[in-house]
Amino acid sequence: MNRIILAYCHDNAELAEQVEHDLSRIGIPFDHITNQADEKPGHLSTRLHSAEDPVVLLVTDNFFKSRDCMDGALAAVQALQRSQRLLVVVADGKISRDGGTTFERVETHFDRMVYALQYMNFWQSEWLALSDRYQQSEGSAKATLELEMNASRNIANEIGELIGVLREGGYVSWEQFLADDYMLFFKQFGLQEWHAQYRLIAKDSYIPQDSTPPIPPTAPMRPLSETPVVAGGLVPAPPQTDTLATGSDFAALNFALETEKSDTNGHFNNSEITTPTPGDDLPPQTDWDFANMDALHFDEETESPIQDAEDQIEHAIRDAWVWIEQGYIDRGIELLQFTLEQHPDNLRIQQEYQLALAKTKPQPPATETWAAPEPPPVPIEVASAEPSLAENECRSYNLMGDMAAEKGDYLFAKYCWDRVADLNPDFPGIFRKLGLMTSEHLRDYRETALHYLKKSLEHQPDDAEVLLALAHAYQENDNAAEANTHYAQAVMLAPSLRSAEFDQTFGYGIATTASPEVAPEAPSALAPSSGEVESAPQPVVEPREVLTVLVTGATSGIGRATAEIFARHGHRVILTGRRMERLVLLKTQFEEELRADVLMLPFDVREPGAVQAALDNLPESWQNIDILVNNAGLAKGLAPIHEGDIAHWEQMIDTNIKGLLYVTRAVAPGMVARRRGHIINIGSSAGKEVYANGNVYCATKFAVEALTRGIRLDLHKHNIRVSQVSPGHVEETEFAITRFDGDAERARIYDDFQPLKSSDVAEAIYWLATRPPHVNVQDVQMYATQQASATVVDRSGR
């Protein structure tokens, strides 16, 4: 059809009447689409969808707050924009304070975040109010409210995106629309030749008698794009006559554009059409502030043209002080804080943030001596059916955040949920949502994600999903030890979260810090090795005799694998190590999954006083130690003797030799007194064969072999067995990463062959310990198949 459609909220009918009165005088026909009291919500959008003609959409505050207008508006606007048939005009709305006799103007703004948020809040509050009424209604009233609730929920879900679409598509203010005798209207619809005709007759302006002349918004508006609206055959050039065309004359004309203004496909050639310039008697284009709130990333897919960082910061600062000056101090502070997170090195935002904190900090009364006021008497709680303003605001922001996250607008979701957390830190699940969303989708906020996840665990310590997210967050913050610990806690609470990929990612028990306990990770049912298919958990075996086993360096690697295999077979285990948090985790894990009897002894084997005190104060039921596994040990550095690090030498000697001696000295007297016991020392192939640059480490392991033989000579007459296990390369250990001081690249020494696993060594230890009492296996030296000696390895691949 050949007409122009005026779409608007019925409350603003006088605006549409003015447009039609002015422009119909040269024969342009108009059709009106507006909301009617007797129509269901969405009727206006449905008619816009089915329309085939160009549309002038009058967007006002009333339009944004009308359920009838807004239901389905997003899809309608998008369809009109795709077909280039839409001209959006932003005008002020109005509100009546006395029932309809007089009206006040309400400015319409949505070009900046703080304005758009008002409409989002409006529809969130509307939905909450309907929800409360719905709970108390019955029958047909309840059914009607349900329809209204559904419509309001749809609008609340879409209004943020609708505002973004309107901003991206372009719009003009009411003042710009009227300026220069509707010049923008004629240009946008390709009717420039009609403009001259209209100017001949536009000698007066039409203003309805019962309304106040509309006043343009003071906030600058975004200009239209240069592409004119096209809808197939548009209105023709006006008749070349001094008389006005009538409606019938208009309808009878040939509705085709002149050939030179169309391309071969019949589309309008816009090469002659430009946006208004200062010479067109409109406000200069340089004054049209797009007000792109990029600092809040309102909608990254539909954002206005990107301004530089300084402009973003200035907009954020200006908006924040508006919030603060209007009494919304928390919102202003939050906006400054949010911008500071994005631009942490910007001195301007740092100063404004500190200034705002200083100015808004509560001050004590100006008296000579100030004391905290007496707390008010505790009021008697009275049940209230009406939620408080703060509660409503929390619910509103929470729902807005939910919807933003659902649509992928994660920065705005963070903004909303942060607001909830500030208003009520105990709001159910708020830090959980912030933590999970931020860690997964906002990778630039790693430290912030850690904060949220930790706060979430304060409210719910056994949340496995949060523990897993926290493990990822620690990993990204280069804290492998904490990542490992939290991953282990997560899979202990929820085994379904476990995977071979995660085991490899977190090293499951492999720390990146140097530690006296060189402890590989046991790839048993509790900790399958990376790259292997996780098997079903092995059953707990009831032993014929329950032994008490002390394992040093039990928090990871060979020590942990050894402790686990004894616990799985029903023996009592004493776990020792420096890292208390890991001891707690292992104790809990063994007790819950293996039904094991476990005791923790946190101490450093390098400190003789701590070792002796711990063992002297064992509970009476744990004092009879049957098996001692001296596992704690490490390698530090790989350098020729003239370049060696003395601190490395001392650490290896103190741990590998002295630590073994201190623990043995504290445990052996009890074994001798009982004439019963077995000491198993963990040596190394380096204690059998020296290799280049391994000087001091090899010496300490040669010492372990010598001590093993010497202790056996001393204790065999007391019926005590003394053995040694000397493995070659063992993966899933801290050995390499510790030797190279956390250099993960240098520590990748197992990539091209298959070494032993920590569980292989643990099984050898268990086999040694469970031989008949008259059998003492003195030494087990073991290599992987691809290793022939300490220095000869087939590195052709795993």
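Predicted model: local features only at pLDDT ≥ 70, side-chain atom pairs only at ≥ 80, totals over all residues.
Biologist: In what order do the 5 strands of the open sheet lie, and which are its edge strands?

Modeller: The order across this open sheet is E2-E1-E3-E4-E7, with parallel pairing, and the edges are strand E2 (30–34) and strand E7 (172–173), each of which pairs on one side only.

Biologist: How many bridges hold strand E3 and strand E4 together?

Modeller: Strand E3 (residues 55–59) and strand E4 (residues 86–90) are paired in the parallel sense over 5 bridges, and within that pairing Val-55 has Leu-86 of E4 as its bridge partner.

Biologist: Which way do the side chains of a strand point, and what does that look like in E13?

Modeller: As a general idea, side chains in a regular strand alternate between the two faces of the sheet. In E13, Arg-721, Ser-723, Val-725 and Pro-727 point one way, while Val-722, Gln-724 and Ser-726 point the other way, and all are buried. Because 7 of the 7 residues of strand E13 (residues 721–727) are buried, that strand is largely enclosed by the rest of the structure.

Biologist: Which strands are joined to E13, and by how many bridges?

Modeller: Strand E12 (residues 678–682) runs parallel to E13 and is joined to it by 5 bridges, with His-678 standing opposite Arg-721. Strand E14 (residues 779–782) also runs parallel to E13, through 4 bridges, and here Gln-724 stands opposite Asp-779.

Definitions and conventions:
Residues numbered from 1 in each chain as written. Heavy atoms only, no water. Pairing = 2+ DSSP bridges. Helix = DSSP H or I, 4+ residues; strand = E, 2+ residues; numbered from the N terminus. Buried < 20%, exposed > 50% of the residue type's maximum accessible area, 1.4 Å probe, protein only.
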